[in-house]
Number of protein chains: 2
Amino acid sequence: MMQRYTAREIWDMEERQSPRAVGCGGSVVLGVDGGASNTVCVCIPATAAMDMSPFADDGPPLPILARAVAGCSNQNSVGEDRARETLERVMAQALHKARRRRSSVAAVCLAVAGVNHPIDQHRMLDWLSEIFPSHVKLFVENDAVAALASGTMGKLHGCVLIAGTGTIAYGFTSDGRDARAAGAGPVLGDWGSGYGISAQALTAVIRAYDGRGPETVLTNNILDFLGLESPDELIGWTYEDQSWARIADILPVVVESAVGGDEVANKILHNSVGELASSVKAVVQRLALSGEDGKDLFPLVMVGKVLEANKRWDIGKEVIDCVTKTYPGAYPIHPKVEPAVGAALLAWNAIASELDDDLRTAV
Amino acid sequence: MMQRYTAREIWDMEERQSPRAVGCGGSVVLGVDGGASNTVCVCIPATAAMDMSPFADDGPPLPILARAVAGCSNQNSVGEDRARETLERVMAQALHKARRRRSSVAAVCLAVAGVNHPIDQHRMLDWLSEIFPSHVKLFVENDAVAALASGTMGKLHGCVLIAGTGTIAYGFTSDGRDARAAGAGPVLGDWGSGYGISAQALTAVIRAYDGRGPETVLTNNILDFLGLESPDELIGWTYEDQSWARIADILPVVVESAVGGDEVANKILHNSVGELASSVKAVVQRLALSGEDGKDLFPLVMVGKVLEANKRWDIGKEVIDCVTKTYPGAYPIHPKVEPAVGAALLAWNAIASELDDDLRTAV
């Protein structure tokens with residue numbers, strides 16, 4: 001199994017390979033998405049004809065040469081050494097599967113959670129430059145940037161809204177300015193996230209039980225879902241393991257309860273729509289993405305399980321309706337490719353525009 | 001130093017003491033308050049003339065024979081063995097200081113955090129009965145009960161509101177029924193607590209920084225207080241150590257900001273007043289403490305740093321005003337003694353009423 005080899009062992013194999021064993025399909029681009037639970041690396045051809053507009057609903061399927069998956073690579077969570085070993089291994093595996101050497105890599109984009117400051121970025125770039133030959137173009141971004149790129153086919157323009165366990169809105173102008181909103185975690189009011197919605201639902205159950213809030217079917221539905229007998233037991237359940245993802249898993253129960261007509265659940269979801277839309281609007285306003293007349297077109301990329309369409313209570317659609325009331329030029333996109341592909345497209349796009357520049361300079 | 005002796009060693013000394021070395025002031029009562037940060041044991045005379053009404057503002061000072069302090073004894077936090085060793089040691093120390101033996105103890109009341117179910121209570125009572133001679137009356141309660149008793153001089157009637165790092169409302173009818181509200185911790189919506197107020201203030205800073213919320217002086221005041229440069233750094237600060245008490249320590253900054261006229265801080269405090277009052281009202285309503293006409297007198301004991309009078313923004317006073325609008329018979333009490341004394345008074349009261357019963361039976 002691939003998983004048992006370290007990056008070092010794979011690089012050693014790479015060196016021992018005869019040139020003929022290595023694929024001759026030309027140079028490649030690596031895209032890495034490192035999130036809270038796992039890390040994905042994809043390898044795409046550097047020369048792929050990717051005439052793909054972010055606004056086009058069809059187009060040629062993107063050729064993915066190889067895909068590898070590893071564990072968490074957020075250095076704030078697992079430490080720098082383990083994060084780096086994971087990142088290097090997942091890249092080595094993807095290259096090995098694609099039958100390419102590091103020398104055939106044209107560009108790498110690492111988009112990882114926990115990279116927030118230029119200082120994080122520079123440390124990561126220094127480390128990458130020790131792994132790859134000097135001709136390889138290297139990019140390091142926050143994972144939200146890859147999510148944006150997954151919807152815009154690598155162009156850094158527009159706003160992405162991520163709402164999974166956590167939530168963040170992140171945007172770019174076409175001249176490279178960026179802004180973010182939310183993404184501050186559960187203690188600091190990310191109420192539109194899966195965690196936020198679930199915590200509000202649990203709170204509503206406790207309030208109803210205490211006599212401080214209205215009765216709600218959330219009580220029976222959540223107790224059933226968790227296999228508990230009484231709201232008393234919710235307190236113990238909540239604090240026995242404070243993993244944010246574990247709390248966020250209650251989300252479908254809240255949506256079902258709202259679909260069933262429960263007022264408390266509906267109010268929680270409507271609040272969350274307001275919170276998520278306000279994050280997007282804050283980014284759009286700060287970057288003036290909608291132009292001077294407020295009607296410029298810009299991509300609004302929607303990512304994460306909170307925003308995935310539930311036919312009967314579609315949080316994502318409600319957020320879009322709310323944003324487009326203020327910014328009619330917001331063009332919603334539900335990405336068809338995963339964020340790792342977004343990262344690869346980002347690197348691909350950057351080298352393609354350099355090529356364009358070179359061509360223009362030559363003319 | 002006392003601290004170096006284990007409970008076992010102190011009990012051994014007790015057995016070796018000559019009868020003359022032991023005080024001859026008669027039997028005593030022990031009260032123990034075991035909270036999140038420390039454990040206090042007081043020793044009072046069982047025969048003290050305590051003609052103290054909960055509604056009286058003066059009266060004879062309560063004779064405290066001895067007081068001992070130890071670390072945390074919440075078994076959910078430090079484990080059962082360590083919790084028991086701590087509780088036994090603090091009782092042994094108090095008795096030793098009071099120059100009494102276990103045989104001179106008339107009653108013990110342990111009021112400890114983490115005791116929520118009858119099963120916790122019974123395990124603790126079994127364990128206590130192995131330490132003390134069989135004639136000793138034993139009581140085990142949640143620490144909120146001792147806080148109530150510290151305001152009512154040991155009578156279990158009325159409602160206590162605790163708002164420190166966390167918050168809970170707990171009440172008793174004179175015929176022994178009880179009810180609680182809140183006390184479910186920060187994830188489950190204890191918004192009126194020190195933690196809740198502080199977390200809302202931190203959230204307001206992030207929202208202002210994102211452009212999702214109004215500007216507020218909380219930003220400068222909290223950054224100054226924490227020695228941080230930018231709201232960006234608040235995220236790292238918040239999650240580097242998720243101790244609830246550490247977050248709750250921001251409370252005075254929020255109160256100062258509200259006193260200075262900041263609208264965001266004022267709104268947070270007003271919300272918290274509403275939350276705390278609603279916890280009290282839920283308990284009063286469920287227990288019908290205000291009687292059929294809604295005007296019966298009952299003690300409302302106020303405990304914890306959130307409720308301690310700040311002359312210029314008095315959260316406790318606002319809560320009382322809010323409760324008495326609905327329940328004019330609520331009689332606010334700020335205890336003059338600590339909860340450990342409340343626990344001792346509770347045990348004292350229980351044996352005194354048994355004596356009364358015996359006297360009545362004799363007549």
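Mentor: Let us begin with a word we will need: a residue is called buried when its relative accessible area is under 20%, exposed when it is over 50%, and partly exposed in between, using a 1.4 Å probe and protein chains only. By that rule, 54% of the 363 residues of chain A count as buried. Some ground rules: residues are numbered from 1 along each chain as its sequence is written, while chains are lettered from A and ligands numbered from 1 in the order in which they are written. This is a predicted model, where local features need pLDDT of at least 70, side-chain atom pairs count only at pLDDT 80 or more, and totals for chains, interfaces and linings use all residues; side-chain values use heavy atoms, with hydrogens and water left out.

The part I would pick is a sheet. Helices (H or I, at least four residues) and strands (E, at least two) are DSSP runs, numbered from the N terminus, and chain A has 13 helices and 10 strands. Two strands are said to pair if DSSP finds at least two bridges between them. In general, the strands of a sheet pair through backbone hydrogen bonds, either parallel or antiparallel. Our sheet in chain A is open, with mixed pairing, and its five strands come in the order β3-β2-β1-β4-β5. At its edges are β3 (66-70) and β5 (137-141) of chain A, each pairing on one side only. For angles, axes are lines fitted to C-alpha atoms, for helices over the stretch in contact, and angles run from 0 to 180 degrees between N-to-C directions. Neighbouring strands of this sheet are turned by 10° against each other on average, direction ignored.

Contact means heavy atoms within 4.5 Å. Helix α3 (residues 80-97) of chain A packs on the sheet, where it touches β1 (28-34), β2 (39-45), β3 and β4 of chain A, and its direction makes about 155° with that of β3(A). Helix α5 (residues 143-152) of chain A lies across β1, β4 and β5 of chain A, at about 115° to β4(A). Strand β4 (residues 105-112) of chain A runs parallel to β5(A), joined to that strand by five bridges. Within this pair, Ala111(A) has Glu141(A) of β5(A) as its bridge partner.

Two loops deserve a glance. Most residues other than glycine have a negative phi, and most peptide bonds are trans. Arg99(A), in the loop between α3 and β4 of chain A, is not a glycine and yet has a positive phi of about 55°. Arg99(A) is partly exposed, at a relative accessible area of 47%. Met153(A), also not a glycine, has a positive phi of about 55°, and its place is in the loop between α5 and β6 (158-163) of chain A. With a relative accessibility of 18%, Met153(A) counts as buried.

For the inside of a strand, turn to chain B. Strand β1 (residues 28-34) of chain B has seven of its seven residues buried, so it is largely enclosed by the rest of the structure. In a regular strand the side chains alternate between the two faces of the sheet. Here Val28(B), Leu30(B), Val32(B) and Gly34(B) point one way, while Val29(B), Gly31(B) and Asp33(B) point the other. On one side, β1(B) pairs with strand β2 (residues 39-45) of chain B in the antiparallel sense over seven bridges, with Val32(B) opposite Cys41(B). β1(B) also runs parallel to strand β4 (residues 105-112) of chain B, again over seven bridges, and there Gly31(B) stands opposite Cys109(B).

Finally, step back to the two chains. Between chain A and chain B, 33 residues of chain A are in contact with 33 residues of chain B. Buried area is the accessible area (1.4 Å probe) that two parts lose on being put together, summed over both. For these chains it comes to about 2,600 Å², 55% of it on carbon and sulfur atoms. On the chain A side, Val187(A), Leu188(A) and Arg212(A) lose the most area, together 26% of what that side buries.
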